[in-house]
Amino acid sequence: MATLADMTTVLVVDDEPMVRDVVSRYLERDGHRVVTAENGEAARGLIESEAPSLVLLDVMLPGRTDGLELCRWIRSTSDLPVILLTARVEETDRIVGLELGADDYVTKPFSPRELATRVRTVLRRARPSRPPIERVSVGPLEIDAAKREAHRDGALLSLTAKEFDLLWFLASNPNRVFSRDQLMARVWGYSAALDTGTVTVHVRRLREKLEDDASKPQLLETVWGAGYRLRA
């Protein structure tokens, strides 16, 4: 049986008591320790005191700090994985959340079982096992998987955990084209049936850090109608 020290702590932030209760029960069944908050102010305090490994965050929170503002604060201070929960279905709302650095975006109503699966996937990707090959060089890029560092022309790149995962995967397969669906499956670990905007946003953010001119990419290329590749 897992001890308290072995458990991963997940913070569930939602103003609906029923959502907090149902999600908590499914996550606890998966072996996680769960703490909950009903607003952004309480969530900030729990992030600082409980050091969770992942945050499930409702976008529409009452009070001074809504979910997007809290996500912005989290991402400004750490790479703590965030999965956004929302009743909003417009693509622009999903893109805003992903632009802020969220790792995933789930619309309500959702299946608690699927949500628990996504939590496992994001946690696993946030702590990837060391790959057999630990260093890759592609053009001006030097990527060290053991240190989880990437340099361009000797300068250290500031990458989020998921940006590094995407770059490492593409750099490990230089010149090979991958579709958005393939990248969702190989990097994020699940089907892209709900949304491929995640890939688009991460590619755009990665280009801003890799390219001299992100509008005219020379390294991370789009192959129209096919997907993306990292040119060696």
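Buried here means under 20% relative accessible area, so Arg152, at 18%, counts as buried. Keep that cut-off in mind, as it comes up again below. This is a predicted model, and a search of the whole structure turns up 21 salt bridges.

**Salt bridges around Lys108**

- Start with Lys108 and Asp14, whose side chains meet in a salt bridge at 2.8 Å, N to O. Lys108 sits in the loop between strand 5 (104-107) and helix 5 (112-126), while Asp14 sits in the loop between strand 1 (9-13) and helix 1 (17-29), so this pair ties together parts that are 94 residues apart in sequence.
- Asp58 belongs to strand 3 (residues 54-58) and Lys108 to the loop between strand 5 and helix 5, so here the parts tied together are 50 residues apart in sequence.
- Asp58 has a relative accessible area of 3%, so it goes down as buried.

**The Asp212 and Arg152 pair**

- Over at Asp212, the side chain meets that of Arg152 in a salt bridge of 3.6 Å, N to O. This one links distant parts of the chain, 60 residues apart: Asp212 is in the loop between helix 8 (197-210) and strand 10 (220-223), and Arg152 is in strand 8 (residues 149-152).
- Back on the Lys108 side, salt bridges that share partners join Asp14, Glu16, Asp58 and Lys108 into one network.

**Helix 6 against helix 7**

- The axes of helix 6 and helix 7 (residues 180-188) come within 10 Å and cross at roughly 110°. That angle makes helix 6 roughly perpendicular to helix 7.
- As for handedness, the crossing of these two helices is right-handed.
- Helix 6 brings Lys162, Asp165, Leu166, Phe169 and Leu170 to the contact, and helix 7 brings Leu183, Arg186, Val187 and Trp188. Sorted by class, the contact of helix 6 with helix 7 has six nonpolar and three charged residues, with no polar ones.

**Leu167, also in helix 6**

- Leu167 is found in helix 6 (residues 161-171), and at 1% relative accessibility it counts as buried.
- Setting aside its neighbours within four places in sequence, Leu167 is in contact with Leu141, Ile143, Ala150, Leu159, Leu206, Leu210 and Leu230.
- One of those contacts, Ala150, is 17 residues away from Leu167 along the chain, with the two C-alpha atoms separated by 8.7 Å.

**Thr8, ahead of strand 1**

- Thr8 is found in the segment before strand 1. With a relative accessible area of 14%, Thr8 is buried.
- Neighbours within four places in sequence aside, Thr8 is in contact with His32, Arg33, Ser53, Leu123 and Arg127.

Conventions
Residues are numbered from 1 along each chain as its sequence is written. This is a predicted model: local features need pLDDT of at least 70, side-chain atom pairs count only at pLDDT 80 or more; totals for chains, interfaces and linings use all residues. Side-chain values use heavy atoms; hydrogens and water are left out. Helices (H or I, at least four residues) and strands (E, at least two) are DSSP runs, numbered from the N terminus. Buried means under 20% relative accessible area, exposed over 50%, partly exposed in between (1.4 Å probe, protein chains only). Contact means heavy atoms within 4.5 Å. A salt bridge is a side-chain nitrogen of Lys or Arg within 4 Å of a carboxyl oxygen of Asp or Glu. Axes are lines fitted to C-alpha atoms, for helices over the stretch in contact, and angles run from 0 to 180 degrees between N-to-C directions. Angles under 35 degrees count as roughly parallel, over 145 as roughly antiparallel, 65 to 115 as roughly perpendicular and the rest as oblique. A crossing is left-handed if the near helix is turned anticlockwise from the far one by less than a right angle, and right-handed if clockwise. Ala, Val, Leu, Ile, Met, Phe, Trp, Tyr, Cys and Pro count as nonpolar, Asp, Glu, Lys and Arg as charged, and the others, Gly among them, as polar.
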